[in-house]
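Hello,

Here is the structure we discussed. Please open it first, then read my notes below.

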Amino acid sequence: MGLDMDNRRPPYQQVADALRAAIRDGVYSAGDRLPTVAELAEQYGVAKMTVQRALTDLRGEDLIVSWQGRGTFVRSRSGESEAASGTVHDEIMKRLDSMHDELARLDERLRRLEGRPTR
C-alpha cells in the first residue's frame, strides 16, 4: 500500500490522511495500538521520519496518543470517555489548586520564620 506519486501533497500528509481514514473507517478503533513506525514506513514505502511527522499531525489532532516503550494508540472519541476525561481533568485541577495554596502557606510561614518580608 504505497503512496500516490501523482499526488502533490507531501508524503507525510498522505500517510496522515491514510491513517486518519483507517481510524475513521474503524480499521483502528479507540484503544487499538497502531503498527510501529518501522512497520508503517514499510507499509507506505516511506522513511521513518515521514511516518513520525504524520503521527505528530495526528497527535496534534488528538486522534492518537503515544507512550515511549508502549506504542501509539488511537484515542477514544466517545462522549462517555470525554466526560470521564473531563472529570479526571477537573479532579487534577482541584488537586493542583490545593497544592498551590499549600505551597503559598508554607512559603509565607518560612518567610515569617526567617524574618523576611512577606509579599
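A crossing of two helices is right-handed if the near helix is turned clockwise from the far one by less than a right angle, and left-handed if anticlockwise. Keep that in mind for the helix pair below. Note too that this is a predicted model.

**Helix 1 against helix 3**

The crossing of helix 1 and helix 3 is right-handed. The two pack at an angle of about 55 degrees. Their axes are 8 Å apart.

Which residues meet? From helix 1 come Pro-11, Tyr-12, Val-15, Ala-16, Leu-19 and Arg-20. From helix 3 come Thr-50, Arg-53, Ala-54, Leu-55, Asp-57 and Leu-58. By class, this contact has eight nonpolar, one polar and three charged residues.

**The core**

The largest nonpolar core has 19 residues. Val-15, Leu-19, Tyr-28, Tyr-44, Leu-55, Leu-58 and Ile-64 touch the most other members. Helix 1 (11-24), helix 2 (37-44) and helix 3 (48-60) each give two or more residues to this core. Helix 1 gives the most, with five. As background, nonpolar side chains tend to be buried together in soluble globular proteins.

**One residue to look at**

Find Asp-62 in the loop between helix 3 and strand 1 (64-67). Its phi is near 60 degrees, a positive value in a residue other than glycine.

Best wishes

Note on methods: Residues numbered from 1 in each chain as written. Predicted model: local features only at pLDDT ≥ 70, side-chain atom pairs only at ≥ 80, totals over all residues. Heavy atoms only, no water. Core = buried A, V, L, I, M, F, W, Y, C linked by side-chain atoms within 4.5 Å. Buried < 20%, exposed > 50% of the residue type's maximum accessible area, 1.4 Å probe, protein only. Helix = DSSP H or I, 4+ residues; strand = E, 2+ residues; numbered from the N terminus. Axes fitted to C-alpha atoms, helices over the stretch in contact; angles between N-to-C directions. Contact = heavy atoms within 4.5 Å. Nonpolar A, V, L, I, M, F, W, Y, C, P; charged D, E, K, R; others polar.
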